[in-house]
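Please prepare a briefing on the side-chain packing of the structure shown below.

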Amino acid sequence: MRIAVFSSKPYDQEYFEKHRKEHDFDFVFFEASLNQNTANLCNGFDVVCVFVNDKIDKETIKKLAKCNVGLIALRCAGYNNVDLEEAISNGIKVVRVPAYSPEAVAEHALALILTLNRKTHKAYNRIREGNFSLNKLIGFNLHNKTVGVIGTGQIGATFLKIMKGFGCKLIAYDLYPNEDLKSIGVDYLSLKDLFKSADIISLHCPLNPDTKHIINKNSVDQMKDGAMVINTSRGGLIDTADVIEALSHRKIGYLGIDVYEQEENIFYKDLSESIINDDYILRLNSFPNVLITSHQAYFTKEAMDEITTTTLNNIKAFKNGEKLKNEVRP
Ligand code: NAD
């Protein structure tokens with residue numbers, strides 16, 4: 001079985017090498033992402049293995065079908081970047097890694113909150129330059145603050161349990177409230193009431209037509225002045241222009257993002273010697289109260305082990321013609 005691994009970085013190869021001994025697959029690693037322009041590279045491959053910023057749209061899928069690719073194996077949970085209808089109608093199956101260490105992402109959301117609040121990144125730089133002053137480093141206690149979570153699936157639930165340990169009041173919005181969370185004190189509210197009450201809003205729902213730009217001018221207007229917004233889910237949940245506007249009036253007091261709507265041209269690349277032609281990311285970077293990480297919330301040793309073994313098992317099941325328990329369908 002020949003597998004083309006797209007968007008592969010040294011650490012992806014390292015983890016595939018670590019776990020491959022259990023399988024006799026033939027991997028070829030491409031640093032390029034999979035999209036309409038690179039789909040022709042898939043000639044002679046049975047499986048393509050892709051990540052969050054590969055763009056597997058209609059055109060790409062048609063090209064994959066011509067190359068006789070039978071399986072798209074996502075190394076991630078979200079599948080908003082795959083045209084599932086088109087895949088099905090071309091006889092290509094799609095599998096994903098539905099759950100791998102929700103703790104990795106939930107703990108990263110917490111890291112964003114603590115860094116934005118207590119400004120440890122600024123203190124680190126100051127002290128290395130001999131500046132021991134505390135001016136402008138003041139934070140706030142998390143204890144007793146209201147934390148609102150949108151999307152209480154695996155990651156949202158894990159995050160809420162962490163925040164309970166900080167003594168926060170917990171509120172949430174989900175289409176399907178989780179009874180276990182209610183029993184630990186999570187109050188499910190309407191989206192409107194969540195925006196009105198939360199000091200910190202953390203997004204953990206998938207990106208789909210209902211959730212696209214769930215954070216926009218209208219929702220920002222409903223928030224408390226100075227609210228903190230954290231997004232470790234998908235960039236498209238936030239209308240970046242509206243949030244920039246809100247940051248410039250200090251309506252949003254803090255923004256922590258691990259994902260960004262136009263991240264596919266920027267994230268995972270070293271652009272330190274390049275001219276960046278994305279005015280939104282440059283503007284976001286100019287705010288003192290914005291913290292951006294490059295889609296790294298998932299990136300722990302435990303999650304990488306989980307992602308790699310589940311992906312290999314997904315491919316093995318496909319090879320053996322078994323039922324694909326992690327298949328995604330429209
Ligand atoms: P999950 O499927 O367990 O949970 C998603 C929750 O969102 C579910 O409870 C669902 O009911 C809810 N939901 C769906 N539509 C909604 C809507 N319109 N309004 C409110 N809630 C809605 O998923 P998960 O494993 O918790 O992952 C959540 C998201 O995190 C993924 O979709 C993915 O985009 C993102 N993610 C990011 C990283 C990262 O590295 N930054 C890593 C993994 C996952």
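**Side-chain packing briefing**

At 1% relative accessibility, cysteine 76 counts as buried, a label for residues under 20% relative accessible area, with exposed meaning over 50% and partly exposed in between (1.4 Å probe, protein chains only). The model is predicted, so local features need pLDDT of at least 70 and side-chain atom pairs count only at pLDDT 80 or more, while totals for chains, interfaces and linings use all residues. Residues are numbered from 1 along each chain as its sequence is written, and side-chain values use heavy atoms, with hydrogens and water left out.

**Cysteines**
- The structure holds zero disulfides, a disulfide being a pair of cysteine sulfur atoms within 2.5 Å.
- For cysteine 76, the closest cysteine sulfur is that of cysteine 49, at 9.1 Å, too far for a bond.
- Cysteine 67 is also buried, at 9% relative accessibility; its sulfur lies 5.7 Å from that of cysteine 42, the closest cysteine sulfur, which is too far for a bond.

**Nonpolar cores**
- The largest nonpolar core has 33 residues, and Leu34, Val48, Leu64 and Ile72 have the most contacts inside it. Such a core is a set of buried Ala, Val, Leu, Ile, Met, Phe, Trp, Tyr and Cys residues joined through side-chain atoms within 4.5 Å.
- Two or more residues come from each of β3 (47-50), α2 (58-66), β4 (71-74), α3 (84-89) and α12 (301-319), and α12 gives the most, with three residues. Helices (H or I, at least four residues) and strands (E, at least two) are DSSP runs, numbered from the N terminus.
- A second, separate core of 30 residues includes Phe195, Ile238, Ile257 and Ile266.

**Isoleucine 315**
- Isoleucine 315 is found in helix α12 and is buried at 0% relative accessibility.
- Leaving aside neighbours within four places in sequence, isoleucine 315 is in contact (heavy atoms within 4.5 Å) with Met1, Ile3, Phe25, Val47, Leu71 and Ala73.
- Isoleucine 315 and alanine 73 are 242 residues apart in sequence, yet 7.2 Å apart in space, C-alpha to C-alpha.

**Aromatic rings**
- A search of the whole structure finds twelve aromatic pairs. Rings of Phe, Tyr and Trp (its six-membered ring) pair if their centres lie within 6.5 Å; planes under 30 degrees apart count as stacked, over 60 as edge-to-face and the rest as tilted.
- Phenylalanine 25 and phenylalanine 27 form an edge-to-face pair, because their ring centres are 6.2 Å apart and their planes are at 90°; both residues are buried.
- One aromatic cluster is formed by Tyr11, Phe51, Tyr268, Tyr298 and Phe299.
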